[in-house]
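My entries follow the order in which I looked.

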Amino acid sequence: MNEGHLPIGRFARLCRLSVKQLRHYDELGLLTPAYVDPDTGYRYYRPDQARPAMLIGLLRSLDVPLPSIGRVLSGEAGVLGGVRDRMEAELARRERNFAALERILSEGLPRPEVTVVREPARRVVVVRDTAPQERIGPVTSACVARLLAATGAPDGLLVGLFPLDMAEEVAVAVALETSEDVPGTSSDVLPGGLYASATHIGAYDQIPLTTHALLAWVGERGHTPAGPLREVYVSNPATTPQDRLVTHLMIKLNDLE
């Protein structure tokens with residue numbers, strides 16, 4: 001061991017980190033000690049490791065994830081810009097949630113008009129994936145992107161399909177009405193019949209508010225709903241403000257057939 005090396009306790013105080021944090025960063029490969037005593041397992045650091053150690057501490061204080069910090073330390077460009085963009089999107093989502101909560105506090109739970117409509121069977125092409133509940137939105141967007149890339153500039157109806165029974169992993173599908181087979185997708189038929197339908201106006205991540213109202217309407221009237229829940233995307237999010245996006249929600253009513 002070089003005499004200039006610092007034991008982990010002194011190094012931790014120098015960098016304003018805890019010994020536990022330094023051990024964790026070592027386990028993750030973010031900051032490896034300069035020397036580990038083979039007999040005692042004690043960790044020792046060089047003084048010039050203080051700067052990257054303090055950088056890790058600074059970035060963690062800014063809620064930068066540890067995997068992203070590792071990429072920063074390796075010299076990868078654009079990492080912090082990506083973290084900033086994700087934080088900005090999360091901030092916008094939380095602001096929309098706050099506005100929705102304010103609306104519920106002042107106006108009560110939403111009660112959109114629900115109608116029963118007859119839907120024809122529709123031939124579609126579909127892309128599918130699975131997602132944990134907290135990732136349904138991003139995975140759905142990725143499915144839409146895959147479908148649009150496969151179909152070019154489609155003119156047909158774009159529909160999200162989601163199970164009524166929620167689990168830790170949720171089956172996500174996005175369908176496009178078309179009479180043509182499309183490479184990279186699977187063909188299917190959306191069944192026709194009678195559907196309870198409600199219209200959601202607003203951001204996609206606020207759709208659950210209208211979904212809950214629609215399901216409450218179905219349950220209060222004793223109907224038997226059948227999944228999947230359909231989200232029919234009417235607006236183009238590239239040209240429509242989020243608070244004006246129009247989405248039709250539909251649930252099949254088997255007991256009315």
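**Ground rules.** I am working on a predicted model, in which local features need pLDDT of at least 70 and side-chain atom pairs count only at pLDDT 80 or more, while totals for chains, interfaces and linings use all residues. I number residues from 1 along each chain as its sequence is written, and side-chain values use heavy atoms, with hydrogens and water left out. Helices (H or I, at least four residues) and strands (E, at least two) are DSSP runs, numbered from the N terminus.

**Helix α6.** I then listed its buried residues, which are I136, V139, T140, C143, V144 and L147; buried means under 20% relative accessible area, exposed over 50%, and partly exposed in between (1.4 Å probe, protein chains only). Seen down the axis of α6, these buried residues fall within an arc of 145°, so they line one face of the helix; the arc is that of the directions from the helix axis to the C-beta atoms. Their cover includes the strands β5 (122-132), β6 (158-162), β7 (169-177) and β10 (225-233), where contact means heavy atoms within 4.5 Å. After α6 comes G152, with a positive phi near 80°.

**Helix α5.** I found 29 residues in α5 (residues 79-107), reaching 42 Å from the first C-alpha to the last, close to the 42 Å expected. Its buried residues are V79, V83 and A100, and what covers them includes α4 (66-73) and α7 (207-220). G108 follows α5, and its phi is positive, near 85°.

**Helix pairs.** Helices α1 (residues 8-15) and α3 (residues 50-61) pack at about 60°, with axes 9 Å apart, which makes α1 oblique to α3; angles under 35 degrees count as roughly parallel, over 145 as roughly antiparallel, 65 to 115 as roughly perpendicular and the rest as oblique. F11, L14 and C15 of α1 make this contact with A50, A53 and M54 of α3. For α3 and α4 I noted an angle of about 140° and axes 10 Å apart, which makes α3 oblique to α4. In this pair, P52, L55, I56, L59 and R60 of α3 meet L66, I69, V72 and L73 of α4.

**Backbone.** Most residues other than glycine have a negative phi, and most peptide bonds are trans. Against that, I noted R16, in the loop between α1 and α2 (19-27), with a positive phi near 60°; R16 counts as exposed at 77% relative accessibility. D63, in the loop between α3 and α4, has a positive phi near 65° and counts as exposed at 58%. Where is the cis peptide bond? I found it from G227 to P228, with omega near 0°, and P228 lies in strand β10.

Technical notes: Expected span 1.5 Å × (residues − 1). Axes fitted to C-alpha atoms, helices over the stretch in contact; angles between N-to-C directions.
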